[in-house]
Structures are given as structure tokens and as C-alpha cells.
Amino acid sequence: MSDKMPHSTTRRTILKAGGAIAATSLLAPAIIRKAWADEEPITLLTWETYHEAEWIAEWEEANGGVKVKPVVISSLDEVFAQLQSGAVKPDVVYSEASTAGRLKKAGQIAPFDISKVPNVANVLPGLNWKEPLSVEGALMGIPLHWGTQPLQYNGDVIKEPPMTWGSLWDEAYKGKVTTFDDATVNIPMVALYVGAKDPFNLTEEEFTSVTDALRALRQQVRVVTRGFDDAANLYASGEALIGYCHNVAVVNSLKKKGINSKYSLPKEGTPSWIEGTFVTPKGQRDIVYKFLNDTMSLPWQARFMKFSGSNGILTGADALKAGLSEEELTNTNIPDSEDPNFKDNLVFFREPEDVERRIQIWNDFLAGTL
């Protein structure tokens, strides 16, 4: 989700768009605002573009002056470093769904009381979020937004949408294939390609198949990119025709330049991520859940989607109703969710069986020593 495991900083590229949306649903009756007057601040461990200062100020004003203190981090490593050091004692932690088990094991998050967030009903039905955000049967969080890592291609050269990850190994594209530098994101894609039963819990035989496939892929890859701009430049120059896409923002940035960039969701499954909203033991307070419920409202979500270019959690109809334009909606994965097979195609990241082993395999791939 990068950048981090798997996608923290780069997927948060700021795609600012104008158009503030009046968050009338955030306004609380005066009697309720008074009830919150003595509440301690709500501390968030959050990311760039998630909680802008003016949004926070608006919410504080509507809720009796209760303070919200966002602490902005830039990688998953930093999430754990901040929590373990005790330098920040958050009420809410925003982190990729696959970290839920590690956070729970460390005692950093508590089961999520979904009854206090009725706006969870706004989550689009095609997003299968409860399983990725649960640990041993207990729901630990709710989604703030989500994304896919699909197969990207040049639509002027590749006329028919490639519907298998095997296209990356097609000799016709040798030297024109690209992927990005992230072990925890690439290896699940390769595992899907070789037919692993569970791309996050590989057998020894499957590890061998993945290693063999990566060795073959290295001969195909033109460049292992280091960020969105790096990838976009390769496609814009014609040096890349097809590749593993770190984020659909790359495709959209190329479209804005007049390049016929497209993406597909391969039949083997598409690696996908969910940004989880987790509550710490300290954060089990009604005012914290009220804040989270307000951030799941249509006005807040639509504003967040416009500002960040994120998928958010809304359906297409709700996003349009809340103020997104047709073009803004088209630039997300949301229209894909209308496909009846969409839900089954998404393969959400989970904590893998051996992170260090995967990193070593990937480093050998980069070095050409597999």
C-alpha cells in the first residue's frame, strides 16, 4: 500500500482539486456540543491529505471546541516507531489493513465498536473490507479508503486489454516491461501469476516457483521504478508499454498528458489495499467514535476524495451526489466496482508468512543474482 509496506507515501500523492464541500452533517446540536466541552484532545496518527487543518478546525467548531491533533507520518515503519517509542499516544491510528495483526499483538489497537459508526453504511457494497480488517474473528477497524495495483498498459500499442499477469512475461514486450521497487507488493502479484493457493502464505514449492518467475521477469523489465513520476516518464517516452502499476494515479497522470494509458484487472486476481482506521485502547471514547463517524459521512468523504484523488469509500452514485464530477469519478477505481466480478477479483494484502525472506528474494531480483 508503498514507500512502506506496501504503499504508504507514494500512493498519497496530492492531487488537489478545487471545490470545498459544505459538511453540514458535521454540525452538532448546541446541547451535544456542550456535552463535549471537557473532553481531552483526539490525537490521530495519520497521513498527508487525510486531515487538513481547515477540516479539523471546522469539526472542532461544530463539536464544542474539542481539539483534534493530527500527527502526520510518512511510512508504516514510522507508524510502529512512533507507537513503540511512546512519543505519540494516539486515539486513532491509520494504517494499511495488513498491519492489523501486528498492531493488535503489540496491544496498540483494540476491537472496533462498529455500532458507534452508523455511517459505515456508506461503504460501497463491492468492497470486502471486514475480513482484511479483522484479526482472529474480531473486527479491528473500518476502511478510510482503498486502492488497487492493476496491470497498466499503453492502449495505442496494446489494443486488447491484457487479462493475465502472464502478459508481463510475454517475449513480445521484452525490455518494455516495468514494475516498482517493493518486495511486499510485487511478490504477491508473482504468486498469483504462478497459481499459489495463498499469495501471503507460500509453500516451499511455491517459493521456488515465485523465484523462478522473478528470474524470468528480470529479463523483461526495462526499469524498476522508484516512484509515480519515474513510472509515468517511462510510459510517456515509450520506453515502457506494460507493467505492474503501483497506483492508478500513474495512469490518470498520463491521461492528462494525452497519453492513452489504461489498466486492467487480471483474471488471477488484483493485489489491493485498504487503509484501516483503528482505535487504540486509549481512544475508546464516544467523542472519538463521533469524529470517525463524521469522517465517514458523504460530505467529508467527497471532500477528501476531491483533495487527495483517493477512491474513498463511497459508491459512484453517492460520490456524485456529494459533489464529485464525472471526470473525478472516472479517475478512481469506483466504476470498476459495478462489475459483478469485481469483489472476487480483489486480493487484499495480508501479513505474509516471512517478510525477511521475501525482502531477500526481492533484493536478489534487483541485483540480478536470483
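E60 and K67 are joined by a salt bridge, a side-chain nitrogen of Lys or Arg within 4 Å of a carboxyl oxygen of Asp or Glu, and their closest N and O atoms lie 3.9 Å apart. E60 is buried, at 12% relative accessibility, whereas K67 is partly exposed, with a relative accessible area of 45%. Here buried means under 20% relative accessible area, exposed over 50%, and partly exposed in between, for a 1.4 Å probe and protein chains only. The model is a predicted one, in which local features need pLDDT of at least 70 and side-chain atom pairs count only at pLDDT 80 or more, while totals for chains, interfaces and linings use all residues. Residues are numbered from 1 along each chain as its sequence is written, and side-chain values use heavy atoms, with hydrogens and water left out.

The confidence of the prediction is expressed as pLDDT, which runs from 0 to 100 for each residue. The protein chain has a mean pLDDT of 88, and 90% of its residues reach 70 or more. Over residues 1–25, however, the pLDDT is below 50, and this stretch has 99 contacts in the model beyond near neighbours in sequence, a contact being heavy atoms within 4.5 Å.

In total, 18 salt bridges are present in the structure. One of them links the side chains of R285 and E39, with an N to O distance of 3.0 Å. R285 belongs to the loop between β12 (270–279) and α9 (286–295), and E39 to the loop between α1 (30–35) and β1 (42–47), so the pair ties together parts that are 246 residues apart in sequence. Helices (H or I, at least four residues) and strands (E, at least two) are DSSP runs, numbered from the N terminus. R285 is buried at 13% relative accessibility, while E39 is partly exposed at 28%.

A further salt bridge connects the side chains of D198 and R350 at 2.7 Å, N to O. D198 is placed in the loop between α5 (183–193) and α6 (204–218) and R350 in the loop between β13 (346–348) and α14 (355–367); the pair therefore ties together parts that are 152 residues apart in sequence. Both residues are partly exposed, D198 at 21% relative accessibility and R350 at 37%. Through shared partners, salt bridges also join E39, E40, D91, K282 and R285 into one network.

Strand pairing requires that DSSP find at least two bridges between two strands. β1 pairs with strand β2 (residues 68–73) in the parallel sense over 6 bridges, and W47 has I73 in β2 as its bridge partner. Together with helix α2 (residues 53–62), β1 and β2 make a right-handed β-α-β unit; right-handed denotes that, with the strands pointing away from the viewer, the path from the first strand over the helix to the second runs clockwise.

Strand β6 (residues 141–148) is mostly covered, with 8 of its 8 residues buried. β6 and β12 run antiparallel and are joined by 7 bridges; T148 stands opposite S272 in β12.

S308, in helix α10 (residues 298–308), is buried at 8% relative accessibility. The side chain of S308 reaches the backbone oxygen of F304 at 2.7 Å and the backbone nitrogen of S310 at 3.1 Å.

Conventions. Polar contact = N/O pair within 3.5 Å; in protein donor to acceptor, adjacent residues only side chain to side chain.
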